[in-house]
Amino acid sequence: MEVINAIGRRKSAVARVYVSEGTGKITINKRDITEFFPSAILQYVVKQPLAELGAVEKYDIKANLDGGGFTGQSQALRLAIARALVKINAEDKKALKDKGFLTRDSRAVERKKPGQPKARRRFQFSKR
């Protein structure tokens, strides 16, 4: 199997993933996953598509993460991994889609409008 690449996005985070056969090593920005995401919850989020297919120790993953915060980055990485797994084996698509791992979460921060302190919050109105 050659190296399969995929991309995932969430908020302003972008994850580029390169998947190859291996022992289950996940490297993010040239650091180990436990070093990059110290939180067990974020590590769990990243490994969800692999766990769903029972392929946690089947592939080596190298990822480049850019932009956003740690939550957005972990979810972008999850989407990228799921897309790469579908490229490897198209029969896995239904299982991943049913769990929602192939859906791009398009929610992002709304821009601040002029004449307002925040995106929707308005300055207090005073009649007198």
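Q: Which residue forms a salt bridge with Glu110 at 2.8 Å?
A: That's Lys113, with 2.8 Å between the closest N and O atoms. A salt bridge here is a side-chain nitrogen of Lys or Arg within 4 Å of a carboxyl oxygen of Asp or Glu. Bear in mind that this is a predicted model, where local features need pLDDT of at least 70, side-chain atom pairs count only at pLDDT 80 or more, and totals for chains, interfaces and linings use all residues. Residues are numbered from 1 along each chain as its sequence is written, and side-chain values use heavy atoms, leaving out hydrogens and water.

Q: Okay, and how far is Arg120 from Glu110?
A: Arg120 forms a salt bridge with Glu110, and their closest N and O atoms are 3.0 Å apart.

Q: Is Arg120 buried or exposed?
A: Arg120 counts as exposed, at 66% relative accessibility. Buried means under 20% relative accessible area, exposed over 50%, and partly exposed in between (1.4 Å probe, protein chains only). Glu110 is partly exposed at 38%.

Q: How many salt bridges does the structure hold?
A: Six. Another one of them pairs Arg10 with Asp105, at 3.3 Å between the closest N and O atoms.
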